[in-house]
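Hi,

Here is the structure I promised to pass on.

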Amino acid sequence: DESHPLLDELRDCFSYEFYRWAVSAIMTRQNIIPREGGVGESVLIPGWDMANHANGIINTQYNDETNQIESFALNDFAVGEQVTIAYGMRSNVDFLIHNGFVFPENENKDLCIKLSLSKSDELYDDRVKLLQKLDMNPSGNFTISPVISNELLAFVRVFNMNKDQIMTWSNQNTKDL
């Protein structure tokens, strides 16, 4: 239990709360830029990170010739006016997870979720066959918006069917599913 002045100083100012904040600050601001060989590199772009989100089309691209990120204004900005860029069409849940904020004026009210059948399910093969009959995969991304899509509804129904229901629907016209 030797004491070291630097460790003593860190103990006084370091906390799990500060650590969690620092990790989230970095993780929500990293950007992947392309590199030779197709492998991207995670970087921080501090000046770019200062621009807040606005609804619109993504206006940022990587320029191979100059080896730089280029970001274009969504519109004209007056002197002293906040400069904004579009972070992409994400739901507020995605913004919170990936960017660390929510956007009250967000036009994208959809939420994307990934669902998949479990291969350990004893009815997995039967469920897969029924989903294939519906031109669906055993896993996929589904959008939840104010209106539930027919694809999500069909997937959830197949997911919850028992063996008799799967067999019944497999022998019927699946359009009604």
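Below is what turned up, starting with a pair of helices and moving on to the aromatic rings.

First, the ground rules. This is a predicted model, so local features need pLDDT of at least 70 and side-chain atom pairs count only at pLDDT 80 or more, while totals for chains, interfaces and linings use all residues. Residues are numbered from 1 along each chain as its sequence is written, and side-chain values use heavy atoms, with hydrogens and water left out.

**The helix pair**

Take helix 5 (residues 124-133) and helix 6 (residues 150-160): their axes come within 10 Å and cross at roughly 155°. Helices here are DSSP runs (H or I, at least four residues), numbered from the N terminus. The axes are lines fitted to C-alpha atoms over the stretch in contact, with angles running from 0 to 180 degrees between N-to-C directions. Helix 5 and helix 6 are therefore roughly antiparallel (angles over 145 degrees). Their crossing is right-handed (the near helix is turned clockwise from the far one by less than a right angle).

Who touches whom? On the helix 5 side, Arg 127, Leu 130 and Leu 131 meet Phe 155, Val 158, Phe 159 and Asn 160 of helix 6 (contact means heavy atoms within 4.5 Å). Those residues divide into 5 nonpolar, 1 polar and 1 charged. In this scheme Ala, Val, Leu, Ile, Met, Phe, Trp, Tyr, Cys and Pro are nonpolar, Asp, Glu, Lys and Arg are charged, and the others, Gly among them, are polar.

Arg 127 deserves a look of its own: it counts as buried at 6% relative accessibility (buried is under 20% relative accessible area, exposed over 50%, partly exposed in between, with a 1.4 Å probe and protein chains only). Leaving aside neighbours within four places in sequence, its contacts include Leu 117, Asp 121, Met 161 and Ile 166.

**The aromatic rings**

The count comes to 6 aromatic pairs (rings of Phe, Tyr and Trp, the last by its six-membered ring, with centres within 6.5 Å; planes under 30 degrees apart are stacked, over 60 edge-to-face, the rest tilted). Phe 95 and Phe 101 have ring centres 4.9 Å apart and planes at 20°, so they are stacked. Phe 95 is buried at 0%, whereas Phe 101 is partly exposed at 21%.

Phe 155 and Phe 159 are also stacked, at 6.5 Å centre to centre and 20° between the planes. Both lie in helix 6, 4 residues apart, about one turn of the helix. Phe 155 is buried at 2%, and Phe 159 is partly exposed at 42%. Elsewhere, Phe 14, Tyr 16 and Tyr 19 form one aromatic cluster.

Cheers

Terms used. Helix = DSSP H or I, 4+ residues; strand = E, 2+ residues; numbered from the N terminus. Parallel < 35°, antiparallel > 145°, perpendicular 65-115°, else oblique.
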